[in-house]
Amino acid sequence: TQNSSNRSSVNWNSSEFYVGRSWNNNRDFSGDICEVRVWNRILAKEELQARNHFYKVAPDSEGLVAYWKMNEGSGNNLQDYGYDLKANTNVIWVPVSLPEK
């Protein structure tokens with residue numbers, strides 16, 4: 001429900017876009033990332049609380065502009081439904097499973 005004044009447009013064909021990096025190379029994310037979504041709108045509380053929202057989303061959802069499931073299992077290329085990423089460092093793939101429902 002909060003807006004930030006720290007916004008900018010991403011030109012997916014020429015802009016730099018980082019996942020798991022802060023403002024310099026000495027502040028990498030230390031952890032596992034299982035999925036990344038970029039939306040061009042604020043999601044409503046009901047959307048965030050919808051059943052299974054944190055486990056899956058339709059790739060053609062309104063406002064979803066980038067969606068990396070990170071389920072390739074090997075290599076350094078992360079495929080999206082339009083904008084692929086290439087990791088700057090070697091990716092360590094860790095198998096995961098969804099929690100029991």
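The legends below describe close-up views of a predicted model.

**View A. Salt bridges around Glu 35.** Glu 35 pairs with Arg 37 in a salt bridge of 2.6 Å, N to O. A salt bridge also links Glu 35 to Lys 69, with 3.8 Å between the closest N and O atoms. Glu 35 is in the segment before strand S1 (36-39) and Lys 69 is in the loop between S2 and S3, so this pair ties together parts that are 34 residues apart in sequence. Arg 37 is buried, at 19% relative accessible area, whereas Glu 35 is partly exposed at 21% and Lys 69 is partly exposed at 25%.

**View B. The salt bridge between Glu 47 and Arg 41.** The closest N and O atoms of Glu 47 and Arg 41 are 2.6 Å apart. Both residues count as partly exposed, Glu 47 with a relative accessible area of 30% and Arg 41 with 26%. Elsewhere, shared partners join Glu 35, Arg 37 and Lys 69 into one salt-bridge network. The structure has three salt bridges.

**View C. A nonpolar surface patch.** Leu 48, Phe 54, Tyr 55 and Leu 98 make a patch of about 430 Å². Phe 54 sits in the loop between helix H1 (45-48) and strand S2 (64-68). Its relative accessible area is 61%, and therefore Phe 54 counts as exposed.

**View D. The largest pocket.** This pocket has a volume of about 1400 Å³. Of its 36 lining residues, Val 19, Ile 33, Met 70, Leu 78 and Val 91 lie nearest the centre. The lining comprises 20 nonpolar, nine polar and seven charged residues.

**View E. Asn 71 in its loop.** Asn 71 belongs to the loop between S2 and strand S3 (77-78) and is exposed, at 56% relative accessibility. Its C-alpha is 9.4 Å from that of Val 96, a residue 25 positions away in sequence.

Definitions and conventions
Residues are numbered from 1 along each chain as its sequence is written. This is a predicted model: local features need pLDDT of at least 70, side-chain atom pairs count only at pLDDT 80 or more; totals for chains, interfaces and linings use all residues. Side-chain values use heavy atoms; hydrogens and water are left out. Patches are made of residues with over 30% relative accessible area and no salt bridge: like charges are joined within 9 Å, nonpolar side chains (Val, Leu, Ile, Met, Phe, Trp, Tyr) within 5 Å. Accessible areas come from the Shrake-Rupley method with a 1.4 Å probe; for residues, only the protein chains shown count as cover. A salt bridge is a side-chain nitrogen of Lys or Arg within 4 Å of a carboxyl oxygen of Asp or Glu. Helices (H or I, at least four residues) and strands (E, at least two) are DSSP runs, numbered from the N terminus. Buried means under 20% relative accessible area, exposed over 50%, partly exposed in between (1.4 Å probe, protein chains only). On a 1 Å grid over the protein atoms alone, a cavity is a set of points where a 1.4 Å probe fits but cannot get out, and a pocket is an open set with protein on both sides within 12 Å along at least five of seven lines; lining residues have an atom within 4 Å of a point. Grid points are joined across faces, edges and corners, and a volume is the space filled by probe spheres set on the points. Ala, Val, Leu, Ile, Met, Phe, Trp, Tyr, Cys and Pro count as nonpolar, Asp, Glu, Lys and Arg as charged, and the others, Gly among them, as polar.
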